[in-house]
Amino acid sequence: MKDNIFAYIDSIQAEIHDMADYIFDNPEIGFGEHKAAERLTNYLDKNGFRVECGIGGLETAFRAVYENGEGGPSIGMLCEYDALINIGHACAHHMQGPSIVAAAIALKNTVMNLPYKLVIYGTPAEETSGGKIIMLKNGCFKDIDIALMMHGSPTTTTDVKCMALSSFAVTFKGKSAHAAIEPEMGRSALDALLLAFHGIECLREHVKEDTRMHYTVTNAGGPDNVVPGIATGTFALRSYNRKYLDHVVDRFKNIIKGAALMTGTRYDILEDNAFDSKIPVIKLNDLLMENARLVNAPAIKPAREKTGSTDFGNVMYNVPGSCIRIAFVDEKTAAHSQEYLDAGKTEKAHEAEVLAAKILAASSYDIIANKVLLEEIKEEFKNTKAAMSDF
């Protein structure tokens, strides 16, 4: 069956490369990916998927469904297609949709004797606003048992985890005064901000080692001869454990409150979309890597232990999932770089699109054909999430 799946993907690879190259040549920033979404949904519609556009409250998000029989597993395949501001597709998002589409269509046209459902989600604005977070809040991803993705990479691997992230813009509001003539009449918003920074530094000693805390000044409040009546800073807090990070966030908010009390100022906190940590499912990672070896994927390496933040973490916090990272650039190449951009339409990129499609399709077939495997994946997810909640 896998040979049949692979042969079908090979038969449509010219169309897949053309689709990826088109998205690469027409880079669109998050929430404006109209050309990419239209190209992908038209192809899915033409190949018998039921397509819904503008889902999850996002104009350029989509959902495409094909169901064979009843009672089988629901396999979710997610793709991104937003470009980076000012540089284009230097993170290889142009490869994701075409690979996902190829995997889904190959399954539809080869696996006909088993029940299953394929749900393709187009997810905008990963680079900027975390589109998947918005989609989750609006009810998406509740119809899938498994969430799968692919991503171009310097190596072929999976991730063990990603960092939860909570971001804040904090504005302190005091009272301006002439710093030389009547400083006693002022209440310095900048003093409050500096005290908040110092509070963060004191907190560093008393958090777990994987905790990251960053901050900067975005508005210092004016010239040095005026007591600043307003000052703004941004803060980013991270951990590999969302539950633990929520605990750190509570302590951070007390620091802000304390800085305001010490300076006689008021404050506003604006919280951005919160990114969750992935719940790793090693059995699912191993399944993807087993099929990566089956198709002789290049530069196979152990799973990544150290990663940043992604809105796919929010999906994987709620649904068992994994992403196959497929090599198409040299091993030490940094994402969001000119080197990534230069490699976007190369033979290696085209090869990666096909290999990722084969890995995802083969792994999906394994889950469709083996009910016990799906139950084991779900059980591992449940147990790992419970363990991570007990920090």
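Asp-25 and Lys-345 form a salt bridge in this predicted model, with their closest N and O atoms 3.0 Å apart; a salt bridge here is a side-chain nitrogen of Lys or Arg within 4 Å of a carboxyl oxygen of Asp or Glu. Because Asp-25 lies in helix H2 (residues 13–25) and Lys-345 in the loop between helix H10 (338–342) and helix H11 (347–369), the pair ties together parts that are 320 residues apart in sequence. Helices (H or I, at least four residues) and strands (E, at least two) are DSSP runs, numbered from the N terminus. Asp-25 is partly exposed at a relative accessible area of 45%, and Lys-345 is likewise partly exposed, at 37%. In these terms, buried means under 20% relative accessible area, exposed means over 50%, and partly exposed is in between (1.4 Å probe, protein chains only).

Residues are numbered from 1 along each chain as its sequence is written, and side-chain values use heavy atoms, with hydrogens and water left out. As the model is predicted, local features need pLDDT of at least 70 and side-chain atom pairs count only at pLDDT 80 or more, while totals for chains, interfaces and linings use all residues.

**Salt bridges**

| Pair | N to O distance |
|---|---|
| Asp-25 and Lys-345 | 3.0 Å |
| Asp-143 and Arg-63 | 2.4 Å |
| Glu-376 and Lys-283 | 3.4 Å |

The side chains of Asp-143 and Arg-63 meet in a salt bridge. Asp-143 lies in the loop between helix H5 (131–137) and strand E5 (146–153), and Arg-63 in strand E2 (residues 62–68), so this pair ties together parts that are 80 residues apart in sequence. Arg-63 is buried, with a relative accessible area of 15%.

The side chains of Glu-376 and Lys-283 also meet in a salt bridge. Because Glu-376 lies in helix H12 (residues 371–389) and Lys-283 in helix H8 (residues 282–294), the pair ties together parts that are 93 residues apart in sequence. Glu-376 is partly exposed at 37% relative accessibility, and Lys-283 is partly exposed at 33%. Elsewhere, salt bridges that share partners join Asp-159, Lys-278, Arg-304 and Arg-325 into one network.

**Helices H8 and H12**

The axes of H8 and H12 come within 8 Å and cross at roughly 135 degrees, where axes are lines fitted to C-alpha atoms, for helices over the stretch in contact, and angles run from 0 to 180 degrees between N-to-C directions. That angle makes H8 oblique to H12, since angles under 35 degrees count as roughly parallel, over 145 as roughly antiparallel, 65 to 115 as roughly perpendicular and the rest as oblique. Ile-282, Lys-283, Leu-284 and Leu-287 in H8 meet Leu-373, Glu-376, Ile-377 and Glu-380 in H12, with contact meaning heavy atoms within 4.5 Å. The residues of this contact divide into five nonpolar, no polar and three charged; Ala, Val, Leu, Ile, Met, Phe, Trp, Tyr, Cys and Pro count as nonpolar, Asp, Glu, Lys and Arg as charged, and the others, Gly among them, as polar.

Glu-290 also has its place in helix H8, and at 46% relative accessibility Glu-290 counts as partly exposed. The C-alpha atoms of Glu-290 and Ala-362, 72 residues apart along the chain, are separated by 9.7 Å.

In helix H1 (residues 2–11), the buried residues are Lys-2, Ile-5, Phe-6 and Ile-9. These residues cover an arc of only 95 degrees around the axis, which puts them on the same side of H1; the arc is that of the directions from the helix axis to the C-beta atoms. An α-helix has 3.6 residues a turn, so residues three or four places apart point the same way. On the other side of H1, Asp-3 and Ser-11 are exposed, while the cover over the buried residues of H1 includes H2, helix H4 (96–110), H8 and H11.

His-17 is found in helix H2 and is buried, with a relative accessible area of 13%. Not counting residues up to four places away in sequence, His-17 touches His-350, Glu-353 and Val-354.

**Two alanines with positive phi**

Ala-92, in the loop between strand E3 (74–79) and H4, has a phi near 70 degrees, a positive value in a residue other than glycine. Ala-92 is buried, with a relative accessible area of 1%. Ala-299, in the loop between H8 and helix H9 (312–316), has a positive phi near 50 degrees, and Ala-299 is partly exposed, with a relative accessible area of 34%.
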